[in-house]
Amino acid sequence: MTAITIEGKCRFTGRLQVPGDKSISHRALMIAALGQRPCTIRGLSNGDDVVRTRRAVEALGAQVEVAESGEVAVTGGVRGARGPIDLGNSGTGIRLLAGLLAGFDFTTTLDGDASIRQRPMDRIIDPLTAMGASIRGSGENGSLAPLTIEGRPLRGIEYTLPVASAQVKSAVLLAALRAEGPTTVHETLPTRAHTEEMLAAAGVRLERGACSVTVWPGEVEPPDVEVPGDPSQAAFWVVGACVAPDSDLVVENVYLGQARGGFIEVLRRMGADISVDSDSGDIRARSSELKGTRVTAEEMPGCIDEVPILAVAAAAAEGDTIFEGVDELRVKETDRVAAIAGLLDCLGAGRRIDGDTLAITGVGRAEVMGSGTVDSRGDHRMAMAAAIAGAVGRGSMTVEGFEATNTSYPSFARNLEHSTGWTP
């Protein structure tokens, strides 16, 4: 296990670029694998999660060439893998591929690491089974990975998501491409819309409502894709610049479409000095005096991945910040509610957990936050949140399990050095 120690009282300045959006990267590879024409993907995330998806589509028959520039050329073709496919730590990878493969006439086993084997898969198994899929899982209820998917003819369904989940929605929409008749997915809260946007760009017939999307079966013609920067990764730097004194930082070319810019609205309510250039996608963040706010359960799908770093902003703020509807955080790479609580204890912030609500009482200024040693628990977002907290606090922070950042952001330490002058 790798540990790093970060000295506090840093300031964030200059300009930086974050890796390509992870959600878009996964989908770009999968949709490209379904097509029959070559396509090019630029700006693909180089995190381990996306590397696993790239290897998965190769194992399934797609031809993938990666240039020195990072540009990826994909020629589609799904013919079945010779053995189990290991998706590592990628919940997006395993859930979306389960939907994509459900209608093909071969059997595939999808697996992952110890964390993936503990994450709930019944949320995709249930709707896919309703479409006619055959999916066998592990565990008492057969709802855990590894998943064995025996391809069968599928039928279109109308399905209302019981929890707000872009992964579940996407699994059903990808399965719908090989179903008989249209499939409609209803949402009670809007989630990120990458799958439907990218399917439409690939020539798939679909209709979108305010909280629904209908997809008809058909072939895809994947276009070339330019992947913008990942807003969930940008959030770490935005928070760092907002809470650290004498900071002025620009994160370039960030995607801020549906259900992805929620963290900015939360920070602005807290008093953050943030400006967004809608043409370039650049986000500028400057030192700010933050005050607590309330994040409702209805807002949570739009900032679910950013809660660990928003918790750091709350710890530095004056007053109380309330996060409602945090239950979904308990079934991420780790129990993030418990992990965030541990980080807050280290920082000296007050915290209270009441059911699905997390309340944080800030210390008022980042430079008086405490420090110490934090275990990432193998969670990339917790490792990065702890690193930013350490960079802005008063002492030195040791982050154990820092290698977890490779899941989504292998260059995180380099960017931290570039923007703050910290030396590893």
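This is a predicted model: local features need pLDDT of at least 70, side-chain atom pairs count only at pLDDT 80 or more; totals for chains, interfaces and linings use all residues.
1. Strand β8 (residues 134-138) is joined to β9 by four bridges, and the two run antiparallel. Together β8 and β9 make a hairpin with five residues between the strands, and there glycine 139 takes a positive phi near 85°.

2. β9 has another partner to look at. Strand β7 (residues 107-111) is also joined to β9 by four bridges, again in the antiparallel sense. To find this pairing on your screen, go to threonine 108, which stands opposite isoleucine 149 in β9.

3. Proline 146 belongs to strand β9, which spans residues 144-150.

4. Now for a sheet elsewhere in the chain. Four strands form an open sheet in the order β2-β17-β19-β18, with mixed pairing. At its edges stand β2 (13-17) and β18 (273-277); each has a single partner strand, so one side of each is left without a neighbour in the sheet. On average, neighbouring strands here are turned by 15° against each other, direction ignored.

5. β18 pairs with strand β19 (residues 282-286) in the antiparallel sense, over five bridges. Isoleucine 274, for example, has alanine 285 in β19 as its bridge partner.

6. Which helices accompany this sheet? α7 packs on it, touching β2, β17, β18 and β19, and the direction of α7 makes about 25° with that of β19. α8 lies across β18 and β19, running at about 145° to β18.

7. Aspartate 246 has a positive phi of about 55° although it is not a glycine. You will find aspartate 246 in the loop between α7 (231-243) and β17 (248-252). Is aspartate 246 buried or exposed? Aspartate 246 has a relative accessible area of 59%, and because exposed means over 50%, this residue counts as exposed.

8. Alanine 259 lies in the loop between β17 and α8 (262-269).

9. Next comes a pair of helices. Helix α5 (residues 166-176) and helix α6 (residues 194-201) pack at an angle of about 25°, with their axes 9 Å apart. That makes α5 roughly parallel to α6, because angles under 35 degrees count as roughly parallel.

10. Which residues bring these two helices together? From α5 come Lys169, Ser170, Leu173 and Leu174, which meet Thr195, Glu196 and Leu199 in α6. Sorted by class, the contact has three nonpolar, two polar and two charged residues.

11. Finally, how many residues of α5 are buried? Eleven of its eleven residues are, so the helix is mostly covered, with buried meaning under 20% relative accessible area. Among the buried residues are Lys169, Ser170, Leu173 and Leu174, which also take part in the contact with α6.

How values were computed: Residues are numbered from 1 along each chain as its sequence is written. Side-chain values use heavy atoms; hydrogens and water are left out. Buried means under 20% relative accessible area, exposed over 50%, partly exposed in between (1.4 Å probe, protein chains only). Two strands pair if DSSP finds at least two bridges between them. Axes are lines fitted to C-alpha atoms, for helices over the stretch in contact, and angles run from 0 to 180 degrees between N-to-C directions. Contact means heavy atoms within 4.5 Å. Angles under 35 degrees count as roughly parallel, over 145 as roughly antiparallel, 65 to 115 as roughly perpendicular and the rest as oblique. Ala, Val, Leu, Ile, Met, Phe, Trp, Tyr, Cys and Pro count as nonpolar, Asp, Glu, Lys and Arg as charged, and the others, Gly among them, as polar.
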